[in-house]
Amino acid sequence: MNINPNQTLLIFDLDGTLIDSVPDLALAVNACLSDLGLPHFDESHIRHWVGNGAPILMERVLKASGEDVTKLEQALALFFKHYATFTCEKTMPYDGVDTGLRQLKQHGFTLAIVTNKPYQFVPVIVEKLGWQGLFDIMLGGDSLDVKKPDPTPLHHVREQLGFDVADVFMIGDSKNDILAGQNAGIATLGLSYGYNYGQDIRDFHPTQTFDDFGDLVNFLLK
């Protein structure tokens, strides 16, 4: 595959792709459980429930707590309140991501973020990690009326930045990322190390799959 960096847009997912946010998500979940008078869960348990958005995460938490999911709306509001406090306390980039993003930017790639995380948290994380200026556009799950796996956010970013479908990659760790790219007719690059609720990202047939971010960078720069 012949890739021209100066004519290529890379759209990245955030959680599970660029960053491991589970430690902070776990802090917010357990603070929420304290408010509800429920026992805490270990981070290792919460890690297995992450990957399909906050509503499903909190639904899984409530079910594991033996609680009725009719409390979901209340639990979700509490979770977001606490996550606003813990947004980037312990969140860290995965190995090779910080260096890799800077290499890709330096070589002329255009970078963007499309995440299903509410937008309010995205700039906080990007700034805390020192990534200001790396991404031309960042969309959250509430930036438009629909989110991944709907292709609309990807088309929005591509059109805003003036790229053809053939010159775009969607890069992510979950089925929503791969399906969004496929629904948009965009090549997809899967990362196996993230959050996909126990499913192998290869099962969704991305164009290429990588076990390490550095390998992905090498593929794009070769």
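**Exercise 1.** Which residues are buried in helix H9 (residues 213–221)?

*Solution.* Step 1: note the source. This is a predicted model, in which local features need pLDDT of at least 70, side-chain atom pairs count only at pLDDT 80 or more, and totals for chains, interfaces and linings use all residues. Residues are numbered from 1 along each chain as its sequence is written, and side-chain values use heavy atoms, with hydrogens and water left out.

Step 1: Helices (H or I, at least four residues) and strands (E, at least two) are DSSP runs, numbered from the N terminus. Buried means under 20% relative accessible area, exposed over 50%, and partly exposed in between (1.4 Å probe, protein chains only).

Step 2: list the residues. Phe213, Leu216, Val217, Phe219 and Leu220 are buried in H9.

Step 3: look down the axis of H9. The buried residues fall within an arc of 160° (taken from the directions from the helix axis to the C-beta atoms), so they line one face of the helix.

Step 4: find their partners. Contact means heavy atoms within 4.5 Å. The buried residues of H9 pack against strands S1 (9–12), S6 (168–172), S7 (187–191) and S8 (208–210), and against helix H5 (97–106).

**Exercise 2.** Describe the nonpolar cores.

*Solution.* Step 1: define the term. A nonpolar core is a set of buried Ala, Val, Leu, Ile, Met, Phe, Trp, Tyr and Cys residues joined through side-chain atoms within 4.5 Å.

Step 1: take the largest core. It has 57 residues, and Phe12, Leu18, Met58, Leu101, Trp131 and Leu220 touch the most other members. Helix H1 (residues 22–35) gives the largest share of this core, seven residues.

Step 2: take the second core. This separate core has 14 residues, including Leu9, Ile11, Leu139 and Ile186.

**Exercise 3.** Is Arg158 buried or exposed?

*Solution.* Step 1: locate Arg158. Helix H7 (residues 152–161) contains this residue.

Step 1: read its area. The relative accessible area of Arg158 is 12%, so this residue is buried.

Step 2: list its neighbours. Not counting residues up to four places away in sequence, Arg158 touches Leu9, Phe163, Asp164, Val165 and Val168.

**Exercise 4.** Describe helix H8 (residues 175–184) and what follows.

*Solution.* Step 1: the buried residues of H8 are Asn176, Asp177, Ile178, Ala180, Gly181 and Ala184.

Step 1: these buried residues pack against H7, S6 and S7.

Step 2: just after H8, Gly185 takes a positive phi of about 75°.
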